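My notes follow in the order in which I looked things up.

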Amino acid sequence: MPSSRCYQLASILLLFQLGFAQACAAGQSIAPARSAPSLSRKASVGHLAPVNFTNDVEPVLTKIGCNKGACHGSQSGKGGFKLSLAGFDSDLDYINVSNEAGGRRISVTDPAHSLLLLKPTQQLPHGGGPCLTVGSAEYNLLLRWIQKRAPRPQEKDAHLTSLIIAPDEIVLPRAALRQPLRTTAHYSDGTARDVTTLARYQSQNDAVASVDSRGTITTKQPGECAIMISFGGEVKVARITVPYPNPALNTSGLPRANYIDALVYQKLAKVHVMPSPRSTDAEFLRRVSLDVLATLPTPEETRLFLADRDPSKRMKLVDRLLDRPEYVDYRTLKLADLLRVNGQYCSEEGADVYSRWIHDQVQKNIGYDQFVRDLLTGHGSGFHVGPANFFKVATTPEQLAETTAQSFLGVRLQCAKCHNHPFEKWKQTDYYGLSAFFARVGQKDGPEFGETQIYVRRDGEVSHPRTRQTVAPKFLGDSQPLVSEEQDRREVLAKWLTSPDNKVFARVAVNRLWSDYFGKGIVDAVDDFRVSNPPSNPALLDALANDFIQHKYDIRYMTRVILQSEAYQRSSIILKGNAKDERNFARAYPRRLPAEPMMDAIAQVTARPDRFGAYPRGWRAIQLRDSRIDSYFLSVFGRPKREILCACERSLQPNLSQSLHLINSDSLNSKLSDDGGRVATLLKQYEKTAPEAANRRIVDELYLLTLCRYPTQFEAQNLLAHVAGTKEPRKAFEDSLWALLNSEEFTFNH
């Protein structure tokens, strides 16, 4: 044997013996620690497999928080040590752990004195404080890896294929109970291992249930909670239900209009929550008119509806409302919010054409699948082709991928642009695979000043930012299609996206629709579909999506189904048995009127329409085509600027500025006191009627105009006494109308 070879072997043997002696002196064992997580194989339960950097070390670094965004996983790292966020790049992390800083972070000759162990255990100063305990399962696993001479990741290494949580649906009858979870990882080589102690756990509602680092859940109070479990880039949830301390709900005698009610009752029975009774006719009329038309019913419409004794009058009302032009206007507004119709991006001409196209599609009741296909494949001049403006709001392949994912799949994909998503399954390859569908969308100047034309180029690709390799088009969370060079890639994407086989598209669409009429989605927020944000009623969401698909993605049909349900028609009255329910639609949840319906309602009640720039007098706020039309009122009441890709851009939260504006704005006061306004008109209408009778009719009219109901006897007496006690009846009625407009009953839909 050559002397150099002998020298190498002798050196290796000496290093091994030295490491063994030092480990023994420190009370450590070179053999695999029994306190480490079991690495059991199907063929040999309990056998400890070799320690793997990707499957063992990375999960420990993630578990103890080393690679989180606030620590070494930040863009620039911490203390000169950088890791990939949540361990998405094992190869880079291995280099940074084992080779950087002169290899001082690990010592194969003295494993227990590696910086990788000394710092997190606070045996040496550590800016992140103690996050690892000597002798713990995590510590022993890191120690074993170093003792095994810190093997690097290999291409042949098995990779994680699935994560199984048991149990994943848990009902615990009361607070202060404990439930351990078991987390099992399955790998590509057929092995499975218990990773319960290595996975990360997080409660999504700590007030209901907490979870410790070992996966043991402790209930705290009645309610529902999702526990997020993450390991090796996979994310799962376990759902916890602690029923409310109410009697078990017997749903057999409760009214049902359609399948929605059966599924809502099924969930209410599970959580022991009592549904509120049906709304009154007046409540239903006002609610459904505002929800569908963004318009208050007139006093005459209210009188007729309240006097109608037809048991099916509510269903007939829904049909009438869906046939009115205001329905088209309001649905157009909602879609314009979703698609960010904004002259800043599209130009004023483009925004006008875009909005008109949306309005036309809604009026024709085009199936939502066809609507989205036409949108995603739009081309031509933004001045003449509405869908072409979709590619002016988002212009790069990456922006278009983010817009498509969030708008139509409910996926907030932005995190995966720079790294794998830390709390979801989405990888960088998913992000750039979706972007690749838009890589050949081109823009060029048109013949008119400021005109842009959208066309499809013959070339264009996106590259992965780390590998610099060209990324082929890939459906999000699905397969990689075969796309010929001649095909418009967008057509392939649009066909897959809107296919009946892609249930996510239908779920997202019906969830948005549900939120429009209930104030919150079954998945809430409506553009945040993720494993760690599960639906409050999965069976209901699936049933709605299947119905939507079966009826050719008909938005009007689905709207009718939702509005006809007893769930929608329920009162907002809070019962003792449902006071804390905020997820299961046991009652109607009062919602502040959105900016445009609020403005239009005030104009309708005061009979003084608003003016919007060059638009004709009488043009309503819900008809505005461009979000840049100036209006202080709309800005104060939360109209979205349509600048960011988030449903949260529209604010429905009450605030002090809104209250001050309604209380003391010159605009409102001038509408109330206008000689052609509502009060002046009513006084003139009843000037030949006896004063007492006239005053009572005016009081009734004011309540019907604003609250869509007659005043109670107490309300009427107080208001009439106020008018009778003044020498200025007109001013008294103006003050009364001001008070009604400032009431919560007016400013909220309930």
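I began in strand 5, where Ala 192 is the bridge partner of His 186. Strand 4 and strand 5 (residues 192–194) pair in the antiparallel sense over 3 bridges; I take helices (H or I, at least four residues) and strands (E, at least two) as DSSP runs, numbered from the N terminus, and two strands as paired if DSSP finds at least two bridges between them. The hairpin of these two strands has 4 residues between the strands, and in this hairpin Gly 190 takes a positive phi near 90°. I then followed strand 4 (residues 182–187) to strand 1 (residues 160–166), to which 6 bridges join it in an antiparallel run, with Ala 166 standing opposite Arg 182.

**How I read the model**

I noted that this is a predicted model, in which local features need pLDDT of at least 70 and side-chain atom pairs count only at pLDDT 80 or more, whereas totals for chains, interfaces and linings use all residues. Residues are numbered from 1 along each chain as its sequence is written, and side-chain values use heavy atoms, with hydrogens and water left out.

I looked next at an open sheet of 3 strands with the order 3-8-7 and antiparallel pairing. Its edge strands are strand 3 (178–180) and strand 7 (209–211), each of which pairs on one side only. Strand 7 is joined to strand 8 (residues 216–219) by 3 bridges, and Ala 209 has Thr 219 as its bridge partner in strand 8.

Another open sheet of 3 strands has the order 11-13-12, again listed with antiparallel pairing, and its edge strands are strand 11 (380–381) and strand 12. Between strand 12 and strand 13 (residues 452–456), which run antiparallel, I found 5 bridges, and Gln 443 has Ile 454 as its bridge partner in strand 13.

**Arg 440**

Arg 440 lies in the loop between helix 15 (428–435) and strand 12 (441–445). Is Arg 440 buried or exposed? Arg 440 counts as buried because its relative accessibility is 8%. Leaving aside neighbours within four places in sequence, I found Arg 440 in contact (heavy atoms within 4.5 Å) with residues including Tyr 455, Asp 459, Glu 485 and Arg 489. A polar atom of the Arg 440 side chain lies 3.4 Å from the backbone oxygen of Arg 458.

**Helix 8 against helix 26**

Lastly, I looked up helix 8 (residues 299–307) and helix 26 (residues 691–706), which pack at an angle of about 90° with their axes 8 Å apart. That makes helix 8 roughly perpendicular to helix 26, a label for angles of 65 to 115 degrees, whereas those under 35 count as roughly parallel, over 145 as roughly antiparallel and the rest as oblique. In this packing, Pro 299, Thr 302 and Arg 303 of helix 8 meet Glu 701, Leu 704 and Leu 705 of helix 26.

How values were computed:
Buried means under 20% relative accessible area, exposed over 50%, partly exposed in between (1.4 Å probe, protein chains only). A polar contact is a pair of N or O atoms within 3.5 Å; within protein, one must be able to donate a hydrogen and the other to accept it, and residues adjacent in sequence count only if both atoms are side-chain atoms. Axes are lines fitted to C-alpha atoms, for helices over the stretch in contact, and angles run from 0 to 180 degrees between N-to-C directions.
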